[in-house]
Amino acid sequence: MKATRRALDINYAIADMVFPMRELEAQGHEVLKLYIGDPNKFDFKTPQVMKDALCRAAETCDHGYTETEGVWELREAVAEREHRKNKLTIGPEDVYITAGVTESLQMTMATILNKGDEILLPGPGYPPYNLFIQFYEGVPVHYRANEEDGWQPDLDDLRKKINDRTRAIVVINPNNPTGAVYDRKTLQEMVDIAGEHDVMLISDEIYDMLTYEGEHTSPATFAKDVPVMVFNGFSKVYLVPGWRVGYMAIADETGVLDEVRDGIVRQLGLRISANAPAQVAAAETLRGDLSFLEGYRSTLKERSHYAWKRLNQMPGISAVRPKSAFYIFPKIECDFWKDDKQFVMDALKEAHVVLVPGSGFDPDHGKGHFRSVTLPPIEIQEKAFNWLEEFMIKRCL
Ligand code: PLP
């Protein structure tokens, strides 16, 4: 039986590494995995407060479907949190709970795109944006992030690419895959550009509390006349990616997104509800103790700094220092390989280190790069970078 083009055209660079990696493992090789952005796959543990809250929720909730838009107490807690952190003047009715940011992204693209509509995305950027836009017959248009400027968005490029078909500008800050934290002035200009062209902003803030240099600013804080959909969730900051809880918070003082909300609420109803006990537990923890974050951030900083230092010492590699999250996006400066895909495949086969090709994050502005995850403990990164270094010396000296 035939599958649709729509489904078969999904090429997710991160998932694409899994098959060749498994093959090597099946042959009995040790493979060092620097490709997956899930802290729980390494030695980061879900904070006890989260586990306790989930156990309590399992006792107290009725285990039925929840309200389609999300459990009210979680929507209230998110609205409070968005007010506290980002000064948003929204209420619980402006918050919709989804199965992770991924579902917010999917529903939003399904709602705002007609065939041929364009969405401006950071290049490089988190691949599912690109893929969902194509899934719903939209056109992803990447605006350049400037490597020489610490991967800040290139506003001239953004201005050149915005046009009558643009439906939204996506901001991913802190950024996956570069670890950049956008400065306030740049964000202010992005808001201005969106305002001049009457398009909305979609602001993915899933790493907002994981900065270790500089602070995260949400464009929604100062985007008064420009509608913003803030996407956030619990996966990364609260170390519960498997709970599948995220949200979209709609900051729209002018009401231009009313029809979009209607489209989203219809889809929320169609998929019934998000995970019930996880929503109840998330509400409790959002108002609770966040002291685990301090140790978490300092470990991330230490490991990210180590990766940055080691990668820059290798022949044929240079990397901008990340300021947040757990990724680094180095440039391949040696011309031994035809492209970044071949580099990454070769690194897997010869050095047994799993990385992700940069072109999977944007064919134009990601090519010639790769993404490495800086989550593994130093001893594991040390081993991986020793193997990679040997491989680079062989090919590039
Ligand atoms: N947004 C960004 C920028 C991400 O990097 C990721 C996961 O890596 C997600 C969203 C997915 O989030 P969730 O687990 O909430 O679906």
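This is a predicted model: local features need pLDDT of at least 70, side-chain atom pairs count only at pLDDT 80 or more; totals for chains, interfaces and linings use all residues.
Helix α2 spans residues 18-26, and its buried residues are Val-18, Met-21 and Leu-24. These residues lie on the same side of α2, because they cover an arc of only 125° around the axis. The other side of α2 carries the exposed residues Phe-19, Arg-22, Glu-23 and Ala-26.

Several elements cover the buried residues of α2, including β1 (32-33), α12 (340-351) and β13 (353-354). After α2 comes Gly-28, which has a positive phi, near 95°.

## Strand β2 and its partner β9

Strands of a sheet pair through backbone hydrogen bonds, and the pairing is either parallel or antiparallel. Strand β2 (residues 95-98) and strand β9 (residues 246-251) run antiparallel and are joined by 4 bridges. Within this pair, Tyr-247 of β9 is the bridge partner of Ile-97.

The residues of β2 point in two directions: Val-95 and Ile-97 one way, Tyr-96 and Thr-98 the other way. All four of these residues, Val-95, Tyr-96, Ile-97 and Thr-98, are buried.

## The open sheet of β11, β15 and β14

Another part of the model holds an open sheet of 3 strands, in the order β11-β15-β14, with antiparallel pairing. Its edge strands are β11 (327-328) and β14 (356-357), each of which pairs on one side only.

Strand β15 covers residues 370-373 and is joined to β11 by 2 bridges. In β15, Ser-372 is the bridge partner of Ile-328.

Key: Residues are numbered from 1 along each chain as its sequence is written. Side-chain values use heavy atoms; hydrogens and water are left out. Buried means under 20% relative accessible area, exposed over 50%, partly exposed in between (1.4 Å probe, protein chains only). Two strands pair if DSSP finds at least two bridges between them. The arc is that of the directions from the helix axis to the C-beta atoms. Contact means heavy atoms within 4.5 Å.
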